[in-house]
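The sequence and the model are shown first.

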Amino acid sequence: MKKKTIYIIILITSLSLAGIMFTQFFWIQKSYYLRQEQFNNKVKVALKSSVNQLIEYNRGNQDTVKMCNSFCHLSKVNIHQVINPSLLDSVIHDEFKYYQIEDYFEYGIFCSKSDSMIMGNYEKYKSEIMTSPHITSLTCLWQKDCYYLGVFFPDSKMELFKEMGIWFIGSIVFIIVSITSFSITILSLLRQKKIGEMKNDFINNMTHEFKTPISTISLTSEILMNSSIAENADKVQRYAKVIYEENNRLKSQVDKVLQTATLEKDSYHLTKTSFDVHPVIRDLIKNCPAQFKDCNVEFSINFGAKQSEIYADIVHFENIISSLIDNAIKYSIKNPKIEISTENKNNLLFIEIKDNGIGISKENINNIFKQFYRVPTGNIHDVKGFGIGLYYVKRIVDLHNATIEVKSELNKGSIFKITFEQ
């Protein structure tokens, strides 16, 4: 799949997911406001009904109520003579119960002219009651537009959220699940694409690496088949040596690929023995691969470890040290200088391989131990290798319960540090 197509799919899917989230939140908000409006209407009707109940109770008292018209002319009458506090409390609670309003509330009758509370069941919400949206006029019981009955619900919003809690939490959970699934899918898609590109590079590079020794062997074999060459023993020996070296090179490359495939199995078995790492490293330096003999490699050894024995698979130990040395040489522009040192600390053996190569950038240093990964240099064939050497090193180090660290800076070289328990 092309990169442009993947980005278009990601964009369309992201917009769709954003649209679903927006729609979901929109309907949750609408539902909240609708329930709030329904609650307000119930309270309004309950308050009006409470006032009507008080009017009916006082209808026979000519001193307090004279019809409920546009002007309720009342004079020289105290509001406490018109409204009984106990009756008011009983009527309000009965009406709220009838309309299934179960939230905790406080109420009071206040005068709009003096901003003072006259009566009611209020403790600490006086100002809230006066500014509450749940207010009804007591026009028909007392002076017009002077006294009001107000109710305040301290926990109304919380109760409303509790009522909608299941739907709200459910929506949040499903949105989080959708976002997580979408993110995992996109990351997997991008990861698979990257792995695919790395495998294609690996196959292309492997084909190139195999083609070189095969072509050399084929050409040398054709020369040896020439009857005139067969009579010259020196030339036959020289060409035979070329075939032998190229065959070993090809075999080494095949072994690396097969070895990496074997490492993928969780049941990979190591043959561990106790051995001294110092003579092993010296032998590896002495028997530096033939293809690097013309590189003017300069080795520097600083074996500071007094306890240099470890319990490990010696074959794989040789392979990881050889791989690190090979990389140090291959990624040096000229005259490679490689310093190998050891030291002890707290029952640990540290093996450090330092080079003066081209170094690794911060963007690439976290990926160098991944399978098939090769640091981009513009041309995948400008440095030999399959991108599996450091992956192999990391896998072997992990199988030994050891650790490997790398420090690098562009144009200043790299330092690989392996830590073994003793």
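Which residues lie nearest the centre of the second largest pocket? In this predicted model, they are Arg 35, Phe 39, Asp 103, Ser 156 and Leu 160.

## The second largest pocket

Rolling a probe the size of a water molecule over the atoms shows where empty space is left. The second largest pocket has a volume of about 450 Å³, and its lining is made up of 22 residues.

Two helices each contribute at least two residues to this lining: helix 1, spanning 3-58, and helix 5, spanning 156-163. Helix 1 provides the largest share, with 7 residues. Sorted by class, the lining of the second largest pocket consists of 8 nonpolar, 7 polar and 7 charged residues.

## A buried loop residue

Asn 367 is located in the loop that runs between helix 11 (362-365) and helix 12 (389-399). Its relative accessibility is 12%, and Asn 367 therefore counts as buried, because the term applies under 20%.

When neighbours within four places in sequence are left aside, Asn 367 is in contact with Lys 194 and Tyr 373.

## Two residues with positive phi

Gln 100 is found in the loop between helix 3 (85-98) and strand 1 (106-111). Its phi is near 60 degrees, a positive value in a residue other than glycine. With a relative accessible area of 60%, Gln 100 is exposed, because exposed means over 50%.

Asn 411 is not a glycine, yet it has a positive phi of about 65 degrees. The loop in which Asn 411 is placed lies between strand 10 (403-409) and strand 11 (413-421). At 68% relative accessibility, Asn 411 counts as exposed.

## A residue of strand 10

Thr 403 belongs to strand 10. Is Thr 403 buried, partly exposed or exposed? Its relative accessibility is 41%, so Thr 403 counts as partly exposed, a class that lies between the limits of 20% and 50%.

What separates the C-alpha atoms of Thr 403 and Ile 418? Although these residues are 15 residues apart along the chain, the separation between their C-alpha atoms is 5.7 Å. Apart from residues up to four places away in sequence, Thr 403 touches Val 397, Lys 417, Ile 418 and Thr 419.

Note on methods
Residues are numbered from 1 along each chain as its sequence is written. This is a predicted model: local features need pLDDT of at least 70, side-chain atom pairs count only at pLDDT 80 or more; totals for chains, interfaces and linings use all residues. Side-chain values use heavy atoms; hydrogens and water are left out. On a 1 Å grid over the protein atoms alone, a cavity is a set of points where a 1.4 Å probe fits but cannot get out, and a pocket is an open set with protein on both sides within 12 Å along at least five of seven lines; lining residues have an atom within 4 Å of a point. Grid points are joined across faces, edges and corners, and a volume is the space filled by probe spheres set on the points. Helices (H or I, at least four residues) and strands (E, at least two) are DSSP runs, numbered from the N terminus. Ala, Val, Leu, Ile, Met, Phe, Trp, Tyr, Cys and Pro count as nonpolar, Asp, Glu, Lys and Arg as charged, and the others, Gly among them, as polar. Buried means under 20% relative accessible area, exposed over 50%, partly exposed in between (1.4 Å probe, protein chains only). Contact means heavy atoms within 4.5 Å.
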